[in-house]
Amino acid sequence: MDTEPTTVLGQPFPQTHPNRLAAIATLFGMQAPDVKRCRVLELGCSDGANLVPMAVQYPKSEFVGVDLSEHKTAEGKKTIRELKLKNIKIECQNILDINPKNLEKFDYIIVHNIYSWVPAEVCQKILQICREQLTPNGVAYVSYNTYPGWHMRGMLRDMMQFHVRQLKDPKQKVQQAHALINFLATSVPTENSPYGMLLKNELAQMQRWPDYYFYHDSLEKTNEPVYFHQFIEAAMQEGMQYLGEADLASMVVQNFPQPIKETLQKIAPNIVAMEQYMDFLRNRTYRQTLICHQEIKLSRNISSENLQAFYFAAPLKAVAEKPEITSDKVEEFQLPNGAKISANNPIAKAMWQHLATSWPQAVDIKNIITGVKSQIDTKDDIQQPLTELLLQAFMKGAVQCYAHPFEMTMQVSKCPSTTPLARYEAQKRAWVTNQKHEPINIDKLNQNILTQLDGKHDKKDLQKILSSMVDKNEITIAEKGVAVTDKEAAKNILTQQLDTMLTQLAKAGLLVG
Ligand SMILES: C[S@@+](CC[C@H](N)C(=O)[O-])C[C@H]1O[C@@H](n2cnc3c(N)ncnc32)[C@H](O)[C@@H]1O
């Protein structure tokens, strides 16, 4: 492949995490392998940024990553050495050269952002590895670009490839490709022009992509999107079957208005056709598909019963400062994308409020019942209505579902600690991986605080450490965007803000003790 515009190293992708894959597999009737004692293979693992945090989180599980890039795998090996991890290996190898005989079986196989971007023979080999290397109840995750959405994007890709055809330098290619799309976006009239409207809409999205992603999707040599049904046919030829999507809400036909839902149910003879028609309706461009062995008998009837064993998390925030829970007043709870859940039923309101205050931790149904009963006075059995509500919200994508909770604390203890991984990452860069396998951006000050959170320092120690950093000009404090130059004033601000900063780190899923 061309050298990338910048050296792009990896990041954690929460949707690939076995904790989530296991929950979806269980929902569809599988006996998903225990994620705390499992084996995970990642093909095209880059520098291991997705795999290393899993290895830290599950010391009794084993992880193997494979990538073609010498530079990226060398970075991964260095991280493994420095973190002294014994349960993960990263190999520099071409997927095509993997000999299944030399590998043990895996419970989870992750192939993120590789499939559409490699030649057909590598795609086939990926599916073959899934077949041969997955344990009987194993789950494979494969993401890829899809049609019909990529017809429009592919047209723009062709235009950009034409425009940069004589350039060699990846940075220059990105620059020129951006120049072309800006020219098109400002020159093609949109009024009464379906072409102009389509173009503008796509271009607006592309302009927001980071350079590495833009390069990867638009300027690299190989980008072969497929229709969903073609991907599944290829998987079936290798003895695999469709299990589901990492984004489960996209599978729920009930999320379409009634007449559309009815027509879809009439024209789609099976789940693969249904998913394909839904892609046509949505002009889908990308999928994150889970597959499993063809021999597994799946159950497609998701009922609230299936949810009993799960842990739930929802990034909700009550719109009112103090929502009225016990009355029948309508209260609203907002999701980060702006969507709102409204409820007037006290049980429902108490549940949303409990999930809002528990966030980012995932809690089980027993915990939710206790949380609800602490807010409303009821002797009724509320388990059934609560699981029904959770199921509906989960199907709409408002609630996340996990096979087990996360090791994190929401309380700031006397001597707070973060994970060895977050301490290590904070020394190196401006983002760290939290306990939910999400990349969290941090500023210089939080980088400094996180490196000290080893459970051995109380707040006074932390204040001293931070004050000495101010003295040595190692950190700059800003107030309302303006740097505070007086050192004593800066130290005072730090002392006042330390509690708030620690609480924010807890809310970001970064404190474990
Ligand atoms: C776009 S990156 C995705 C990396 C990572 N999975 C992520 O999502 O951040 C594609 C990766 O696949 C690797 N790759 C491409 N072809 C490969 C092959 N035939 N065998 C092994 N790795 C390959 C590249 O080196 C690169 O790290």
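N473 sits in the loop between α17 (459-471) and β17 (478-479); helices (H or I, at least four residues) and strands (E, at least two) are DSSP runs, numbered from the N terminus. The phi angle of N473 is positive, about 60°, although N473 is not a glycine. With a relative accessible area of 58%, N473 is exposed. Here buried means under 20% relative accessible area, exposed over 50%, and partly exposed in between (1.4 Å probe, protein chains only). The model is predicted, so local features need pLDDT of at least 70 and side-chain atom pairs count only at pLDDT 80 or more, while totals for chains, interfaces and linings use all residues. Residues are numbered from 1 along each chain as its sequence is written, and side-chain values use heavy atoms, with hydrogens and water left out.

H437 belongs to the loop between β15 (431-433) and β16 (439-441). H437 is buried, its relative accessible area being 1%. The peptide bond from Y147 to P148, however, is cis, with omega near 10°. P148 is placed in the loop between β5 and α5 (149-163). W359 and P360 are likewise joined by a cis peptide bond, with omega about 10°, and P360 lies in the loop between α12 and β13 (363-364).

Turning to the strands, β4 (residues 106-111) is mostly covered, as six of its six residues are buried. Two strands pair if DSSP finds at least two bridges between them. Strand β1 (residues 39-43) runs parallel to β4 and is joined to β4 by three bridges. Within this pairing, V40 has Y108 of β4 as its bridge partner. Strand β5 (residues 134-147) also pairs with β4 in the parallel sense, over five bridges, and V111 stands opposite V142 in β5.

Elsewhere, three strands form an open sheet in the order β10-β11-β12, with antiparallel pairing. Its edge strands are β10 (317-318) and β12 (340-343), each of which pairs on one side only. Strand β11 (residues 331-334) is joined to β12 by four bridges, and the two run antiparallel. E332 has S342 in β12 as its bridge partner. F333 is found in strand β11. F333 counts as buried, at 0% relative accessibility. The C-alpha atom of F333 is separated by 42 Å from that of E488, which is 155 residues apart along the chain.

The packing of the interior can be described through nonpolar cores (sets of buried Ala, Val, Leu, Ile, Met, Phe, Trp, Tyr and Cys residues joined through side-chain atoms within 4.5 Å). In the largest nonpolar core, of 104 residues, I291 and W352 touch the most other members. Helix α12 (residues 346-358) gives the most to this core, contributing seven residues. At least three residues of this core come from each of domain 1 (14-147 + 224-293) and domain 3 (304-402), with domain bounds taken from an automatic or database domain assignment. A second, separate core has 28 residues, among them I449, L450, L466 and A506.

Of the 17 residues around the ligand, G44, D67, N94, I95 and H112 come nearest; a residue is near a molecule or strand if one of its heavy atoms lies within 4 Å of it. Polar contacts are pairs of N or O atoms within 3.5 Å; within protein, one atom must be able to donate a hydrogen and the other to accept it, and residues adjacent in sequence count only if both atoms are side-chain atoms. A ligand nitrogen atom is 2.9 Å from an N or O atom in the side chain of N94, and a ligand nitrogen atom is 2.9 Å from a polar backbone atom of H112. An oxygen atom of the ligand is 3.1 Å from an N or O atom in the side chain of K72. The protein covers 86% of the 590 Å² of accessible area that the ligand has on its own. Accessible areas come from the Shrake-Rupley method with a 1.4 Å probe, and for residues, only the protein chains shown count as cover.

The T418 side chain reaches the backbone oxygen of L510 at 2.6 Å. T418 is buried, with a relative accessible area of 3%.
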